[in-house]
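Biologist: I'm new to this one. Can you walk me through it?

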Amino acid sequence: MPNFFSAFTTDVFRPLATLLIPGAIGVSTWLIALIWQYPSLKQLAGKNHSETTFVLFLAIVFAGMVYEDFGARWEVQLDRWADFRTGNKHTENWWRYLQTVFQKDPIGRRYARTLVLRLKFELGVAFSMLSAALGIIWLAAIGLKCSAVVTSESACLLFAVWGMIEAKETHKLLSKTRAALLGNINVI
């Protein structure tokens, strides 16, 4: 019997969490606005399911990569703040960590990988929510009810703020984890 969960390996889960989910969030309101604004586009998409799906997939991946790039730029800013807090110890540890070869794979490395994935997801969601919020402004301009706009914009803002706050905390924990991995590793 095949194992359903084996499909969710890191190789599959990483792009799903860092590219596809943020990309889909970011383009969703724009897609709705396009279809609502241009009924002929809705008809074209309805008649060409495969082509529409392919183009939408490309748009989602492209948007996800853009949000990931914004997240990487924000991560550089988090690095600067961490260096300010630690007297440049953060970057020093980061470079030492990159130059380290472990003879045994400590549990902390898997944990660090999980934190990196979480950080990229949090930043991707934060920036994709800002994009979705801009799409909602377009929806408001073409007739979305005020109550729906206020509710949707509030949700986008809350998720964007949540993503930034969580990313900052995840970044701190990742920095501490890398520093710990540079210390003595116990092999029993």
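Predicted model: local features only at pLDDT ≥ 70, side-chain atom pairs only at ≥ 80, totals over all residues.

Biologist: How many helices and strands does the protein chain have?

Modeller: The protein chain has 6 helices and 0 strands. From the N terminus on, the order reads α-α-α-α-α-α.

Biologist: What is the radius of gyration of the protein chain?

Modeller: The protein chain has 21 Å. A compact globule of 188 residues would come near 16 Å. Along the principal axes, the C-alpha trace spans about 65 × 50 × 25 Å.

Biologist: And what share of the 188 residues is buried?

Modeller: Buried residues make up 30%. The protein chain exposes about 12,400 Å², and carbon and sulfur atoms supply 67% of that area.

Biologist: Switching to contacts. Of those between residues at least 6 apart in sequence, what percentage join residues at least 24 apart?

Modeller: That figure is 85% for the protein chain.

Biologist: Now charges. How far apart are the mean positions of the positive and negative ones?

Modeller: They are 3 Å apart, for 19 positive and 13 negative charges.

Biologist: Let's zoom in. Where does His90 lie?

Modeller: His90 is in helix H4, which covers residues 89–98.

Biologist: Why is His90 classed as buried?

Modeller: Because its relative accessible area is 4%, and buried means under 20%.

Biologist: Which residues does His90 touch, leaving out those up to four places away in sequence?

Modeller: His90 touches Asp79, Ala82, Asp83, His171 and Ser175. With Ser175, there is a polar contact between the two side chains, at 2.8 Å.

Methods: Residues numbered from 1 in each chain as written. Heavy atoms only, no water. Helix = DSSP H or I, 4+ residues; strand = E, 2+ residues; numbered from the N terminus. Rg over C-alpha atoms; globule rule 2.2 N^0.38 Å. Buried < 20%, exposed > 50% of the residue type's maximum accessible area, 1.4 Å probe, protein only. Contact = heavy atoms within 4.5 Å. Areas by Shrake-Rupley, 256 points an atom, 1.4 Å probe, with all protein chains shown as cover. Lys, Arg positive; Asp, Glu negative; His and termini not counted. Charge placed at Lys NZ, Arg CZ, Asp CG, Glu CD. Polar contact = N/O pair within 3.5 Å; in protein donor to acceptor, adjacent residues only side chain to side chain.
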